[in-house]
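Here's a quick tour of a structure, written for someone just getting started. Have a look at the picture, then read on.

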Amino acid sequence: MIPDLGKYAGTVLGAYGITLVLLAAIIAASWRRSARARRDLKRLEASRRQPNA
Amino acid sequence: MSLWRYANPAEFMRISGPVLPALWAAAALCLVTGLGWGLLFTPDDYQQGSTVKILFIHVPAALMAINAWLMMLAASLIWFVRRHHVSALAARAAAPVGATMTLIALATGAIWGEPMWGTWWAWDPRLTSFFILFLFYVGYIGLWSAVDEPDTAADLTAVLCLVGSVFALLSRYAVLFWSQGLHQGASLSLDRASHVDTVFYRPLLLSIAGFFLLFLALVLTRTRTEIRLRRIRALQTIEARP
């Protein structure tokens with residue numbers, strides 16, 4: 001499936017690799033932060049609805 | 001119906017929530033198709049060989065690096081004029097995404113430059129203005145974190161965004177202002193004769209669409225997170241009152 005990139009194979013695949021790693025990092029960080037904020041807000045709002053719980 | 005109703009945090013959350021899954025799916029589809037087409041099914045360039053395939057990541061990332069800052073500029077101006085918190089939070093949410101795009105453009109440009117120019121880096125007008133834009137992104141993110149009071153942070157970062165816009169525009173038009181430098185002109189143009197060959201053009205457009213949709217999905221997700229964090233701070237402040 002990988003095309004014949006000739007003598008520049010390392011260059012091209014390196015560029016794609018770095019791009020995918022950086023995109024995966026920002027996506028993972030965004031999703032993780034989003035999940036944590038959603039969980040914390042839900043917990044806080046639940047505790048306000050049940051002050052004696 | 002006014003556009004400003006989306007500036008209401010509750011309304012923004014209500015509208016953006018259902019849109020997000022489709023946006024993520026469209027971004028993934030365009031990225032996989034565009035990058036797969038570009039990497040696997042386009043020919044080598046007669047001068048650049050297979051390194052031309054870096055075009056499909058370098059150009060979309062560079063475009064989004066500049067456009068992300070311009071989006072932050074628009075959001076900052078809305079914050080200045082109308083004091084809508086969602087616009088300030090959207091600008092904050094976009095900064096790490098824009099910084100990532102700038103880093104991708106710089107890294108892939110250096111990797112591409114080494115075999116084509118014989119150097120990883122040159123103090124060329126476009127490269128230099130792009131590097132300064134990256135420093136502005138880092139400074140912008142740092143300033144948001146450094147100031148505790150959210151409205152003051154939004155004011156200060158909006159000013160920084162206005163100043164940094166000079167470099168965002170310079171990054172785009174540097175090759176027109178200064179004729180010297182290693183970096184070539186734009187790969188895309190309204191004038192069909194001056195942009196890349198058709199065989200590269202279509203997968204490039206698809207990759208650009210993928211990067212744009214990914215940017216939108218990330219900014220919406222991160223803006224929703226910022227709105228939730230703001231709500232958490234407000235609730236904690238209320239609970240802390242005697």
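What follows is a short briefing, grouped by topic.

This is a predicted model, where local features need pLDDT of at least 70, side-chain atom pairs count only at pLDDT 80 or more, and totals for chains, interfaces and linings use all residues. Residues are numbered from 1 along each chain as its sequence is written, while chains are lettered from A and ligands numbered from 1 in the order in which they are written.

**Chain A on its own**

- Chain A has one helix and zero strands (DSSP runs, H or I of at least four residues for helices and E of at least two for strands, numbered from the N terminus).
- Its radius of gyration is 22 Å, well over the 10 Å from the globule rule for 53 residues, so chain A is more spread out than a compact globule (the radius is taken over C-alpha atoms, and the rule is 2.2 Å times the number of residues to the power 0.38).
- Along the principal axes, the C-alpha atoms of chain A fill a box of roughly 70 × 20 × 10 Å.
- Of the 53 residues in chain A, 13% are buried (20 or more other C-beta atoms within 10 Å of a residue's own; 12 or fewer is exposed, in between is partly exposed, and C-beta atoms are placed from the backbone).

**Where the chains meet**

- In chain A, 24 residues are in contact with 28 residues of chain B (C-beta atoms, placed from the backbone, within 7 Å).
- On the side of chain A that touches chain B, you'll find 14 nonpolar, six polar and four charged residues (Ala, Val, Leu, Ile, Met, Phe, Trp, Tyr, Cys and Pro count as nonpolar, Asp, Glu, Lys and Arg as charged, and the others, Gly among them, as polar).
- Helix α1 (residues 9–49) of chain A packs against helix α6 (residues 198–240) of chain B at about 30°, with axes 9 Å apart (axes are lines fitted to C-alpha atoms over the stretch in contact, and angles run from 0 to 180 degrees between N-to-C directions).
- That makes α1(A) and α6(B) roughly parallel (under 35 degrees; over 145 is roughly antiparallel, 65 to 115 roughly perpendicular and the rest oblique).

**Two residues of chain B**

- B:T100 lies in helix α3 (residues 85–117) of chain B, and B:T100 counts as buried because it has 24 C-beta neighbours inside 10 Å.
- Leaving out residues up to four places away in sequence, B:T100 touches A:L22 and A:I26.
- B:R83 sits in the loop between α2 (55–82) and α3 of chain B and, with 13 C-beta neighbours inside 10 Å, counts as partly exposed.
- B:R83 has a positive phi of about 55°, although it is not a glycine.
- Most residues other than glycine have a negative phi.

Conventions
Two residues are in contact if their C-beta atoms, placed from the backbone, lie within 7 Å.
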